[in-house]
Amino acid sequence: MYNMGSLSGILQRPFAAAALVATVSVSTEFSNKLPSIRSSDSCSSLEQIETHVSLAQELKSSWVSHISVSKLANLSYIGRIRIPVPNVHLPVSDLSHKFATGTSGSFASPVLLDSYQSAKLPQASKPTASTKAISSSPPDVLYRWHFPDPNAIDVSGTSNSPSVKSKTVVVLLGWLGAKQKHLKRFAEWYTSMGYHAITFTFPMSEVLSYQVGGKAEHNVEMLANHLAGWLEEEHGNNLVFHTFSNTGWLTYGVILEKFQKQDPSLMGNIRGCIVDSAPVARPDPQVWASGFSAAFLKKNSVATKGFGNSMPSDAEELVGGHKPAVAESTLLLVLEKFFEVVLNIPKVNRRLSDVVGLLSSGQPKCPQLYIYSSADRVIPAGSVESFIEEQRKSGREVRACNFVSTPHVDHFRNDPNLYTSQLNHFLEDCMLAESNC
């Protein structure tokens, strides 16, 4: 019914306005910071100057900083923006062919091939060298393999736990706008416990320039192929998924879809799924608008604000809390109108329904852990709890932890002890079930 060409006229004005509002919001915040360099002698230290330089570089590299007045005046460039929704219909190709032909993905390289082969037999001497080799690759790589720490901590107390962990890869699927550096601390915790970890992120540029059969789809396919190859490499290899926000959760759904098409038995090697700050299992324009606003504005967004240690006295105050600035409120309104159109396009709505349907009723029969917060301004706690209840009714083993006062995808940083204890207990049970099989 609709295609991207016919949509360009409909979507030009909302997205141009959203871009302008995001630019104004970030620029205002930046301009408020600059006078402090001149107004106070105490701000003349090298460390503080470096902080301002770092902020300037971040703004320079951000998506909104590339929007000029001339571009806003000429709205024709908006027509090239594609809808940022996974729509993967590509066949899963052979893993060896994928790496042999040197495809265009960031990891179709000798570095990934060497690290993938090294992962067959993890040894104390290899992880360090392989980790350094991967770390020397460009900072915006699609995904990165992290090897277990040779001195990994075993808190389970079972003699066969190290061998089970060494055959387990935890796949970390990032939120909208996440970078490798954001997932690094999660990967480091997993490797310190003896697990392999893979960190996967979608660059914002790829999401904003999404097109059917394009780079974003190829990236998910390449990751799915790599994971399938790991599982088929040796008997007993397993996966645990750790997703962040709706973007990571939907990416997980697309990977499950590919596994089912390639070899349904692969689903049996998934031993657990951890869902951080998700899901909303319906195409809600307000949720999508909040997610994109947070990704555009980053630390300037009200979505990054929690309630700290002081808790509101009632539910209405909990939902209210910090109020968004005028610029952010305008951006949210524009984006919500934008997604009211996009999410109701039959092709898009149908695609999302397919993936969400699989995540709702076709997940592997492994334990699930949901980590969320009543203070989350992107993913409503009620939506998460509703999905949890549906999963329990379907017979799934589900655990949940409400952090109550922490912001979206920021629970680990705000309360690392509670977060890691939840992961530890969950993974211990997953590994114990595997060792008894």
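## Packing of H11 and H12

In this predicted model, helices H11 and H12, the latter covering residues 245–262, pack with their axes 10 Å apart and at an angle of about 55°. That angle makes H11 oblique to H12, since an angle counts as roughly parallel under 35 degrees and as roughly perpendicular from 65 to 115. The crossing of the two helices, H11 and H12, is right-handed.

On the H11 side, the contact is made by Val220, Glu221, Leu223, Ala224, Leu227, Ala228, Leu231 and Glu232, while H12 contributes Thr251, Val254, Ile255, Lys258, Phe259 and Gln262. Sorted by class, the residues in this contact of H11 with H12 comprise nine that are nonpolar, two that are polar and three that are charged.

## The largest nonpolar core

The largest nonpolar core of the model contains 70 residues, and those with the most contacts inside it are Leu227, Leu239, Phe241 and Phe259. Helix H11, which spans residues 215–233, gives the most to this core, supplying nine residues. Two of the residues named for their contacts inside the core, Leu227 and Phe259, also take part in the contact between H11 and H12, Leu227 from H11 and Phe259 from H12.

Leu227 is found in helix H11. With a relative accessible area of 1%, Leu227 is buried, because the cut-off for that class is under 20%.

When its neighbours within four places in sequence are left aside, Leu227 is in contact with Val171, Ile198, Leu239, Phe241, Ile255 and Phe259. Of these partners, Leu239, Phe241 and Phe259 are named, together with Leu227 itself, as having the most contacts inside the largest core, and Ile255 and Phe259 belong to the H12 side of the contact between the helices. Ile198 lies 29 residues from Leu227 along the chain, and the C-alpha atoms of this pair are separated by 9.6 Å.

## The chain as a whole

The chain has 437 residues, of which 49% count as buried, and its secondary structure comes to 19 helices and seven strands.

Key
Residues are numbered from 1 along each chain as its sequence is written. This is a predicted model: local features need pLDDT of at least 70, side-chain atom pairs count only at pLDDT 80 or more; totals for chains, interfaces and linings use all residues. Side-chain values use heavy atoms; hydrogens and water are left out. A nonpolar core is a set of buried Ala, Val, Leu, Ile, Met, Phe, Trp, Tyr and Cys residues joined through side-chain atoms within 4.5 Å. Buried means under 20% relative accessible area, exposed over 50%, partly exposed in between (1.4 Å probe, protein chains only). Helices (H or I, at least four residues) and strands (E, at least two) are DSSP runs, numbered from the N terminus. Axes are lines fitted to C-alpha atoms, for helices over the stretch in contact, and angles run from 0 to 180 degrees between N-to-C directions. Angles under 35 degrees count as roughly parallel, over 145 as roughly antiparallel, 65 to 115 as roughly perpendicular and the rest as oblique. A crossing is left-handed if the near helix is turned anticlockwise from the far one by less than a right angle, and right-handed if clockwise. Contact means heavy atoms within 4.5 Å. Ala, Val, Leu, Ile, Met, Phe, Trp, Tyr, Cys and Pro count as nonpolar, Asp, Glu, Lys and Arg as charged, and the others, Gly among them, as polar.
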